[in-house]
Number of protein chains: 2
Amino acid sequence: MELTLQEISDFKKAHYYLGAELINEIIEYSIVTELITDTEILREGQYVKQIPIVLKGLIKVYSRYEDKELLLYYIQPDESCIMSFTAGIRNEQSKVYAVTEDQTRVLLLPIDRIPAWLRDHPAMNSLFFNQFSMRYTELLETIRYLLYHKLDKRIYDFLVEKSSVKGEKILNIRHKQIASELGTAREVISRLLKKMEKEGKIRQLPEGIEIL
Amino acid sequence: MELTLQEISDFKKAHYYLGAELINEIIEYSIVTELITDTEILREGQYVKQIPIVLKGLIKVYSRYEDKELLLYYIQPDESCIMSFTAGIRNEQSKVYAVTEDQTRVLLLPIDRIPAWLRDHPAMNSLFFNQFSMRYTELLETIRYLLYHKLDKRIYDFLVEKSSVKGEKILNIRHKQIASELGTAREVISRLLKKMEKEGKIRQLPEGIEIL
DNA sequence: TGTAGCCGGTGACTCAGGTCACTGACCGGC
DNA sequence: GCCGGTCAGTGACCTGAGTCACCGGCTACA
């Protein structure tokens, strides 16, 4: 599959700091794939051969332990996945899962080119440093939530974020899925959503959940 | 304060991949400080001007929220602090606290040299990538503990790690401190330590806690 | 048109852990 | 000696959340 002219132009704009030369090289050696919703692209224990950069769509990265999940972050357009980067570059196994949440187009950079690019183009490093510090900060935030907040606040903020990331005002999502992304049980979500509805924080419509 | 010849030699050995030229430059432009136990070196909201590399001793990095803390990681010799790196390089505020746990000698790299070093010496990047991926993995591990394990396991593993990091078989530590590093209350720790003592996992001696 | 499968809602129960209030042991200093 | 401080131990109690069992509603489809 080929990058469209529009995508090339968008990519150059988003990553201008990489310089034209490197960008052309990346485009030359990388491949584009289009993935349908719910495609698993990374699982725990897997070795990584390519590093994705999302062009369009949304990827969800999460941790899992005995069928209890926890959402770690979303990869939005122009972002990449540091777990792939880390695992790929050190030839280690992934510790997380990743799955597409929408129809998603990704640019896949071949892992064996990365070290040379990092060496010859210092700007490439800042791309990953940025991603790293962003993800690290997010993870810190997640920890604070787990430790310092109760479930209803976690649910509410989860919904708010999900809604902003997906760009939908009314979230069509199962209670079951909220539960697993927050690492808890379905009944608990049902109960608390009901409570939040009574408190006027959300509304549960047949089409989905509306945040007020 | 000056680096001792021994320290210079150790530093070169630990970071050989940086190359002699860069190492000399680092040594030239950085300063050494010796800090006593319990010196606070970073607090939330603070801006960062230097990036520490620990030469000897131990630094504890933790998050705090309304006098509830959570241990994030220890900086051991030859390691650095990515929160300083991130905050320093992007001129952002720190989101964590750091405090010395032992008498500690640190090498402080001036933040304004870092971008040039990163640009001219690609090997420098790998130092921070390594630190980043290490810390990120640790943080993931911490999250899994919070979410998937009960407190007694967390306490036990905390003691085991503390004991290995400090190199002490008998840990002289207050229940209060364990509580705050795990983000819980003193009574809870007392209760669970008693339980673990009955189960034969630890022993509480006047000098401290022994892990069996 | 029945039935199997998802989905959300509920009540009853359990349990881990946080909170409160108080105790007694062990200092150190004056 | 007494006073103040730190530290650990404990019982009573509360609460958030996980678990279990069971509905009833909707949908799809054979």
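Modeller: A residue counts as near a strand if its C-beta atom, placed from the backbone, lies within 6 Å of it. The model discussed here is a predicted one.

Colleague: Which element gives the largest share of the surface near DNA strand D?

Modeller: At least two residues each are supplied by α6 (151–166) and α8 of chain A, and likewise by α7 (175–182) and α8 of chain B. By class, this surface has four nonpolar, four polar and eight charged residues. Its largest share, five residues, comes from α8(B).

Colleague: Turning to DNA strand C, which element gives the most to the surface near it?

Modeller: DNA strand C is surrounded by 16 residues, with A:H175, B:K150, B:L151, B:T184 and B:V188 as the closest. The element that gives the most, with five residues, is α8(A).

Colleague: Which element gives the most to the side of chain B that touches chain A?

Modeller: The contact involves 26 residues of chain B and 26 residues of chain A, and on the chain B side two or more residues come from each of β4 (59–65), β5 (68–75), α3 (82–89), α4 (114–120) and α5 (122–148). By class, that side has 13 nonpolar, seven polar and six charged residues. Since 100% of the interface residues of chain B are also interface residues in chain A, the copies meet through the same surface. The element of chain B that gives the most, with 15 residues, is α5(B).

Colleague: Within chain A, how are helices α7 and α8 oriented to each other?

Modeller: The axes of α7 (residues 175–182) and α8 (residues 186–198) of chain A come within 8 Å and cross at roughly 110°. Angles of 65 to 115 degrees count as roughly perpendicular, so α7(A) is, relative to α8(A), roughly perpendicular.

Colleague: Which residues of α8(A) does α7(A) meet?

Modeller: From α7(A), the residues that take part are A:H175, A:K176, A:I178 and A:A179. Their partners in α8(A) are A:R186, A:V188, A:I189, A:S190 and A:L193.

Colleague: Which strand gives the most to the side of domain 1 of chain A that touches domain 2 of chain A?

Modeller: The domain assignment of chain A gives domain 1 (5–135) and domain 2 (149–211), whose C-alpha centres lie 28 Å apart. Eight residues of domain 1 are in contact with five residues of domain 2. On the domain 1 side, the strand that gives the most, with five residues, is β5 (residues 68–75) of chain A.

Key:
Residues are numbered from 1 along each chain as its sequence is written. Chains are lettered from A and ligands numbered from 1 in the order in which they are written. This is a predicted model: local features need pLDDT of at least 70, side-chain atom pairs count only at pLDDT 80 or more; totals for chains, interfaces and linings use all residues. Axes are lines fitted to C-alpha atoms, for helices over the stretch in contact, and angles run from 0 to 180 degrees between N-to-C directions. Helices (H or I, at least four residues) and strands (E, at least two) are DSSP runs, numbered from the N terminus. Angles under 35 degrees count as roughly parallel, over 145 as roughly antiparallel, 65 to 115 as roughly perpendicular and the rest as oblique. Two residues are in contact if their C-beta atoms, placed from the backbone, lie within 7 Å. Ala, Val, Leu, Ile, Met, Phe, Trp, Tyr, Cys and Pro count as nonpolar, Asp, Glu, Lys and Arg as charged, and the others, Gly among them, as polar. Domain bounds come from an automatic or database domain assignment.
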